[in-house]
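User: I would like to learn how to read the contacts and the overall form of a protein model. Please take one feature at a time, with the general idea before the case.

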Amino acid sequence: MDTTGLTPLLALLVPVLGAAGVVLLRRHPPARELCGILAGIAQLGLVATMVPAVRDGGTVSVTLSTFLPEVSIALRADALGIVLAGTAAVLWVLTTVYAMGYFGTAPDPAVTRFHFYLCLTMAATIGVAFSANLITLFLFYEVMTVITYPLVTLTGTPEAIRGGRRYLAYQLGSAIAFLLPAIVLTYIEAGTFDFVPGGIFGPDASGVLLVIVYVFFLLGIAKAALMPVHSWLPAAMVAPVPVSALLHAVAVVNVGVFCVMRVVLDVYGSDLTGDLGLGVLTLVLTSATILVASLYALRLDNLKGILAYSTIGQLSYMMLGVALLSPAGRTGAILHLVGHSFSKITLFFAVGSIYLATHRALASELRGIGRQLPWTMTAFAIGALSIIGLPPTVGFVAKYFLFVGAVEAGQWAVLVVLSVSTLLSAAYYLRILRSALFDAPVAAHTGSTGATAGLLRPPTVTERGALVVAPMLVTAAVTLLLGVAPGWLLDLIRVVSE
Amino acid sequence: MNEIAAVEQVGFPLLSTLVFLPAATMVVLGFVRSARALRRVALGGAVAVLGLSLLLVIEFQTDAAEFQFAEQVPWVPAIGLSYHLAVDGVSVLFVPLTALLVVVVLLASWTSVRHQPKAYLMAVLAFETAAIGVFTSVDLILFFVFWELMLIPTYVLIKVWGSGSQRGRAALRYVLAMLLGSAALLVGFVLLGVSYRSAPESGGELSFDLLALMDSTRPGGNQTAVFFLLAFAFALKAPLFPFHSWLPATLLEGPIGMAVFLAGLKMGVFGFLRFVLPLTPDAFAAYNWLIAGLGVVAVLYGALIALVQLDLRRLLAFASISHVGLAMLGLSSLNAQGLQGALFLIVSLGLVSTGMLLVAGFIHQRVGTADLAALGGLARRTPALATFALIAALGAVALPGTSGFPGEFLILLGAFQAHGWLATIAVTTVILAAAYVLVFFERAFHGRVRSATVEAAVDLRPREAVTAGVLSVAILILGLFPAALLNYSSASIEDLVGRLDVATVATVATED
């Protein structure tokens, strides 16, 4: 049932209030973080109250302002938006807790900045998730770019500034050069900006133009990191782990994939996407991205770099699922959006935990670390299994649906791509796991500076406190839980996919 | 074209009050001695004008295409001259914008002008009278008088209070360029007035009345001549490429206050909307390709040159040239979106350019230069200034949510429909704008502090902060609620597009 209600707006405003609270309480650290946590919980609650309304295919909408005579800045929550918003809210709370452990709770201005912009990023995420039309979407999409820039450059080092510049250049450049023209041309062809399930183009729209516009959309939505507009993501890995975790496993990249889903489902519609051959085009592009990203990840040794390229590949899984244009494909895509977020953030949390405990950031340095950091590496293992797609994790369920979708669509080549990429992911994740779990630990601080280390007792490597470990275990547990009992989530996803 | 009289709407000649209140304040200033009192009286007058201009905005009937608040007194009936003021949807918003910019300029230069403050304040107020006269005159010759009157305070402001060593030359160059344009403008206006006599509606009389001229039939050959004369004058004022060379020098040498007026009030583009489009619609439609072409070249040229500037004021001058090109591209699309977009863009630029110029001024006052080589790390010392600069910069980048976006978006929408590929080129301006503005912001405000003057810089003082706050809020509100502004212009723009439509149809018919 379609209703009007202020709940979507409240869900957008709560994180803004959270941001204000963070600034007001900047000199009282635990309260500062509590602001973010409470805002996250409130946001999650608001999102949850809308689930009954959207479960039967309904929406909750609210118009904020008239932008142009027939175009509004308007919010409209539907099942797809709820899935994105709910995922982001849960992981926001957990990231805030994790950040307390990672950064500590000193009244450091950089940490205040982190929590402040994190809150605003969540507001932008909600804005994108609940956008009722392309203009509103573009507004929040661009706002998100600008307010995540200070997060990428949080440390202020020259390296961070360089990475941030690349991030901003790619995001703003692609959005202006391709996304904005795509939106304008969509309006000229369709006469509306509104999202309508099944598409908005009339039967007499020019096919060639629609193909061009579609390519513009894919290139313009750089947040989805489809090659060749992916290289901002590895560059942005200069940020501290909590930032990378939330932005590059959850908020920014999910928003990118979400926008592509909106374009396919609610601007073009599955039928038109198929008729114009855009489904196949997307399959080719995403397949190429998946394979190239996996091969690239194999060559890397830097843990965050591996995760970045792994993310690029996994995002393309989601877009590939939608482009299969079959119900199971869509279900797999949306479930993967949720599952990948929990799995990948688990991996990021674990990498951060390793870095805190040992100051190591390379895969080759992890020999035997499983015995020193048992909780961290347990979580890492669960996350990695999910990304590879092994049961009993959510990654397996999502991949199962993607395989079924490929069979439904008769895309046999996709099956090959999915299989090969599974093997490649297994290769780079299992290599790390084997070395971490089964090799003998290296002595702490060996190497060029370790000449005298043998004389001293090596400092013991231990887990860095409950605030770091607990969020990681929660996300790992959800990864397993969704792998075993995905039913309730699938009910919500099927509203969109079938 | 019909009009609604001021007496019916507010009961008194509101527009005349707005035009002459600054002049009256000038006279009062003549009797004041202390510098403190001078500033207060001038600000009081400017604030009163701003308040009255808000009354204009409130009482304006947004659903009517007619000219409103009209007042007409015969002046030289023998040659069809009258003192005739009125505003429509195209011009009404420029009155509060002018009033706001004058208040902003007075506040921003509150303590920085020490040399002959009385003369400075009088010049600013004289400019305000002339500028509001320009925006509200609907008699061609009356318009011309105000247009010329602006030159005097402009010249004096640049020559006496300019910040550069070449300010004398810059002032002279500006005046000579404008006089050249004025000559063309006057010839064009006289041609219009004289040719009115042969129109069937005129009864053999001369007329320089915009409303009467809009309703009369105008022969095509005459239109072409008038079009080129007027277009030249307004292109020079705008300035539209290739008539732009006076702007960088003037912005660099003149005082910030004058720069705000020159870059913030896009009178050239206004002139096109006010006179060229309604009075020479056939010629405009016929030479539309020329305007669109020059617009696109200006967009690219201005943006590319802005990209390599190290001085913020020079950068803003070329950014302004680029933006004018975009507005002209909007006009040349001849549809409602393009015209609305152009109008919105120039109103928005009034706020955004002013914001950026104030940033340049604030930096200049603190560091002694706005050159990138000496800047860096300002955000650490002056967080409030950095925040203000960021909001203005995002407006210049046309980020959604700021006032820069709706105008550019509408122009792209209109231009895509009218020109297709030209619009694709114009899109690049937005990217280049993002590049030059954000690169400047980053280099000036982030990074290491490189000079002792930056180290010692103080943040915005309360008066400056209020000025910056008002502009920031306006930039954000217009960005989030653009319909509020578009409502004012939509009726008049629809009417104008109707005239252009008729013209286009007629042109096509004669060609067949």
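**Reading salt bridges, rings and surface**

Analyst: Arg32(A) and Glu33(A) join their side chains in a salt bridge, with 2.9 Å from N to O. Both Arg32(A) and Glu33(A) are buried. Please note that this is a predicted model.

User: Which residue forms a salt bridge with Glu464(B), and how far apart are the closest N and O atoms?

Analyst: The partner is Arg366(B), and the closest N and O atoms are 2.7 Å apart. Since Glu464(B) belongs to helix 23 (residues 462-480) of chain B and Arg366(B) to helix 17 (residues 336-367) of chain B, the pair ties together parts that are 98 residues apart in sequence. Buried means under 20% relative accessible area. Glu464(B) therefore counts as buried at 5% relative accessibility, and Arg366(B) is buried with a relative accessible area of 12%.

User: How many residues apart are Arg499(B) and Asp495(B) in helix 24 of chain B?

Analyst: They are four residues apart in helix 24 (residues 482-511) of chain B, so about one helical turn separates them. Arg499(B) is buried, its relative accessible area being 18%, whereas Asp495(B) counts as partly exposed at 26% relative accessibility.

User: Let us turn to aromatic pairs. How many does a search of the whole structure find?

Analyst: The search finds 40 aromatic pairs over all chains. For each pair, one reads the distance between ring centres and the angle between planes; planes under 30 degrees apart count as stacked, and over 60 as edge-to-face. The rings of Phe127(B) and Phe261(B) have centres 4.5 Å apart and planes at 15°, so this pair is stacked. The pair links distant parts of the chain, 134 residues apart: Phe127(B) is in helix 5 (residues 117-136) of chain B and Phe261(B) in helix 12 (residues 256-264) of chain B. Phe127(B) and Phe261(B) are both buried.

User: What kind of aromatic pair do Trp147(B) and Phe234(B) form?

Analyst: Trp147(B) and Phe234(B) are edge-to-face, with 5.5 Å from centre to centre and 90° between the planes. Trp147(B) is in helix 6 of chain B and Phe234(B) in helix 10 (residues 220-237) of chain B, so the pair ties together parts 87 residues apart in sequence. Trp147(B) counts as buried at 5% relative accessibility, and Phe234(B) counts as buried at 0%. Ring pairs also link both residues into a cluster with Phe143(B), Phe189(B), Phe272(B) and Phe275(B).

User: How does the radius of gyration of chain B agree with that of a compact globule?

Analyst: For 512 residues, a compact globule would have a radius of gyration near 24 Å; chain B has 22 Å, which agrees. Of these 512 residues, 63% count as buried. The secondary structure of chain B comprises 24 helices and three strands.

Key
Residues numbered from 1 in each chain as written. Chains lettered and ligands numbered in written order. Predicted model: local features only at pLDDT ≥ 70, side-chain atom pairs only at ≥ 80, totals over all residues. Heavy atoms only, no water. Helix = DSSP H or I, 4+ residues; strand = E, 2+ residues; numbered from the N terminus. Rg over C-alpha atoms; globule rule 2.2 N^0.38 Å. Buried < 20%, exposed > 50% of the residue type's maximum accessible area, 1.4 Å probe, protein only. Phe/Tyr/Trp six-rings, centres within 6.5 Å; stacked < 30°, edge-to-face > 60°. Salt bridge = Lys/Arg side-chain N within 4 Å of Asp/Glu carboxyl O.
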